[in-house]
Amino acid sequence: PLIIRRQDYLPPAWLVPEIALDFALGLDATHVTAKLNVRRNPDGNGASVLRLNGDQLAPVAVRIDGQAVNDWRLDGPDLLLDLPGEAHQVTIETQLNPAANSQLMGLYASHGMLCTQCEAEGFRRITFFPDRPDVLSTYRVRMSGDKAAFPILLSNGNCEATGEGPDGTHWAEWYDPWPKPCYLFALVAGDLVANHDSFTTRSGREVALNIWVRKGDEGRTQHAMDSLKHSFRWDEEAFGREYDLDLFNVVAVSDFNMGAMENKGLNVFNTRYVLADPDTATDGDYDAIEGVIGHEYFHNWSGNRVTCRDWFQLSLKEGFTVLRDQMFSADMGSPAVKRIEDVRVLRAAQFPEDSGPLAHPIRPDSYQEISNFYTATVYNKGAEVIRMMRTMAGPERFRAGTDLYFDRHDGEAATCEDFVKAIEDGAKLDLTQFRRWYSQAGTPQVSIVADHRDDTLVLNMTQVVPATLNHGGEGQPEKQPVPIPLKLALFDRETGTHRGEQLIVLDQAEQRFVFEGHSRPPIVSINRGFSAPVAIEFERPAKDLVFLAAKDDDAFARYEAMQSLVVRHLIAVVGGNLDERARNAERGAIAEAFGAVLFDPTLDDLMRGELLILPAEGYLAEQFLVADPAAIHAEREALKAWLGDAMKDDWQDLHDRVSAAPYSRDAAARGARKLKTQALAYLAAGAPAEAKTRAIVQYRKADNMTDRQGALMVLAGLDGAEREEALADFHARYAGNALVIDKWFSLQAGSLHPKVLEHVRQLAEHPDFTMNNPNRVRALYMAFAVNAKGFHAASGEGYKIIGDLIRRLDPINPQTAARFVPSLGRWRRIEPKRAAQMRAELERIAAEPSLSRDVLEQVTKSLG
Ligand code: B3K
Ligand code: ZN
């Protein structure tokens, strides 16, 4: 396989300052004429050959300076041209079939509309071009097509002219004055309607805002529009960033590989991150829409105005933009709850990546297929790394750093090193050692031993960055210590207070931190706010964790104490290290902590809900070198059932209290809804008959999707006619609403029902199921792949379902197929019997004759 390496970067030999594109649009035949003004790059290698990347393209015609030429040649998928002079105009015609494009990269058809996805390397499926992010061009785009089929014609920048053509056609011409790499190009043509609004920037520019959707969906766009306006305002206030065109378009598409795409002035979105109303979208959906709308908007500066030199720098735009969207969502809602949710995502998605065969630094050193590197590591750990810089610098100095970064690199294709240097210079911070966070994979493990003598507390700390093994060439056996900023508070166990939060930085392999003036051994609250993305091992008495769970004034630390209490209990139970008396004593301590949370009047319900969530199975599995997922699942469910039963009255009272709150989008009502379904879930585990009765009522009375989905989730895991009735009712009620039917698939595939394997097989044959829509594929199979009960079934059937899916989906949509490989790739960390089954499934995939580069890279690295 061809391995692309970061150290092999060379500047482009040719630049393309301008491109003019002409599209004659048709669903199954689109003709593209591309005129490239090219000139030799003074910083290039002087080669006279111009390499234009292609992917499944054949040139219909090639002209140089207006003259047809025949002496072009193909090198694999690429087109090579010899150019004698300093500057030329190269014209290339290509012919595409968008309707046949099931990969959803390049130009494709979706429900009668045409749209594009170019990041990372989709533009080369439209025309031959130097498809690399350090080639920046201004784009003039003309498109023409049937007016009835494509009444709306959109591209980047501003629309400069429109007109009528022959035979019921029309055309539009767009011009984007901001030079951009081709991955930010976009075109949309279709029968769309818009929610129109506007925003006036702080310097007085009036920006027209449009959210384009298919007819009938316009009533579900207001939340996205509100989120968009909030994003415009927030980026001005928080980062001093103003929008730079008179127009901002968002288009919702139901066939989309990812969440959304930040094309300049024309963001293209998966419908699931645009459409919402109370009847069809949960509170979680509303939050996700706000976050993704913000994320794509913020890319206008962190990604578009300052872009990436090459794809190894992906975290430059993604890590930073994730941090920005996290800060935005925190400011729009509850910062405490948002931080906890972000950490939960990191632990569920990124920690396993860091400890598995696909581990890579946030700035990878090599890849075979770049689509495989849009990972939780590049995105979420990337955000954590920049967040640590902010923690060490403080908000004001960090802002000086980002101001300098935008100022220094505006209009450029920059590197992660450029970013670090700008923060270093602007925030006046020495980041020499900190740069290791960019080059080392693996989650640092911090061990803490506390020693109290006389009036002095000593914290002895060690850090180890675990070796990431050489699965497929990306190994790092030797690691160096990294600077780990830890926020800390020392609580007096009698007064329950502390003397203020401090920041310590652990930057050696072993280090002692001394704290004087503590006559009693204090209770240590550490990594407050999750100030560093590390795993901490710190043995201490359960009563200290119970104290922090009830009293810590840092919301994250309080959540963490609660989690630790449960995690260490479950590790001990799964390991068979507790006799019945010890187990019951620990369960009692957990119930006591739960009780404190349930009745703490100072907590709001959203936060209360966070504190009552049991640690995820994946996170628990991470705590073992070799995990038994069935035992983890069984013991976690057993604890849930015990809590459900032991605290039955409390859950019922809670369910009664929160059920009385009327629907609204305010925090109190959202908190009530979160607790409503949590109470039901604990009851379902410990008192199923009671839960069923309540779930049926909650389902019937629901006036919003959060309550309805929550009730259906509980019913889907229970047996009986009520389950079938509710599922049938839900399906009939939302027939034709693809996003809600996705939920119907997910609830069943993710359910605790004993027959979940059978259900998933049946759902794959359901008339509503299709392999051609990524949302539907993910709704069924991603929900299943994270359902330990089904996926890790002892028979190995769960692995086979995912293995079969990957093999069937790969020829249709390799990018989406490859996303399922990591679930099987974790076999080394699973008990031997299942590990052998998982490995066998990977080998079956590897034996397929013509795998995509996407799946091949993930499977070979996973087999190691
Ligand atoms: N930048 C896009 C990612 C598209 C990747 C396609 N393989 C979405 C985002 O992070 O905003
Ligand atoms: Zn992004």
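This is a predicted model: local features need pLDDT of at least 70, side-chain atom pairs count only at pLDDT 80 or more; totals for chains, interfaces and linings use all residues.
| Helix pair | Residues | Angle between axes | Distance between axes |
|---|---|---|---|
| H10 and H14 | 555-574 and 629-646 | about 125° | 10 Å |
| H9 and H11 | 542-551 and 580-599 | about 15° | 9 Å |

Helices H9 and H11 pack at an angle of about 15°, and because angles under 35 degrees count as roughly parallel, H9 is described as roughly parallel to H11. The crossing of these two helices, H9 and H11, is right-handed. On the H9 side the contact is made by Ala542, Val546, Ala549 and Ala550, while H11 contributes Ala589, Glu592, Ala593 and Ala596. Sorted by class, the residues in the contact of H9 with H11 are 7 nonpolar, no polar and 1 charged.

Helices H10 and H14 pack at about 125°, and they are therefore oblique to each other. Their crossing, that of H10 and H14, is right-handed. Here H10 brings Leu570, Val573 and Val574 to the contact, and H14 brings Ala631, Ile632, Glu635, Arg636 and Leu639. The contact of H10 with H14 comprises 6 nonpolar, no polar and 2 charged residues.

The largest nonpolar core of the model has 239 residues, and those with the most contacts inside it are Val188, Val251, Val268, Val274 and Ile802. Helix H10 gives the most to this core, with 11 residues. As for Ile802, when residues up to four places away in sequence are not counted, Ile802 touches Tyr781, Ala785, Phe791, Phe820, Ser823 and Leu824.

Key
Residues are numbered from 1 along each chain as its sequence is written. Chains are lettered from A and ligands numbered from 1 in the order in which they are written. Axes are lines fitted to C-alpha atoms, for helices over the stretch in contact, and angles run from 0 to 180 degrees between N-to-C directions. Helices (H or I, at least four residues) and strands (E, at least two) are DSSP runs, numbered from the N terminus. Angles under 35 degrees count as roughly parallel, over 145 as roughly antiparallel, 65 to 115 as roughly perpendicular and the rest as oblique. A crossing is left-handed if the near helix is turned anticlockwise from the far one by less than a right angle, and right-handed if clockwise. Two residues are in contact if their C-beta atoms, placed from the backbone, lie within 7 Å. Ala, Val, Leu, Ile, Met, Phe, Trp, Tyr, Cys and Pro count as nonpolar, Asp, Glu, Lys and Arg as charged, and the others, Gly among them, as polar. A nonpolar core is a set of buried Ala, Val, Leu, Ile, Met, Phe, Trp, Tyr and Cys residues joined through C-beta atoms within 7 Å. A residue is buried if 20 or more other C-beta atoms lie within 10 Å of its own, exposed if 12 or fewer, and partly exposed in between; C-beta atoms are placed from the backbone.
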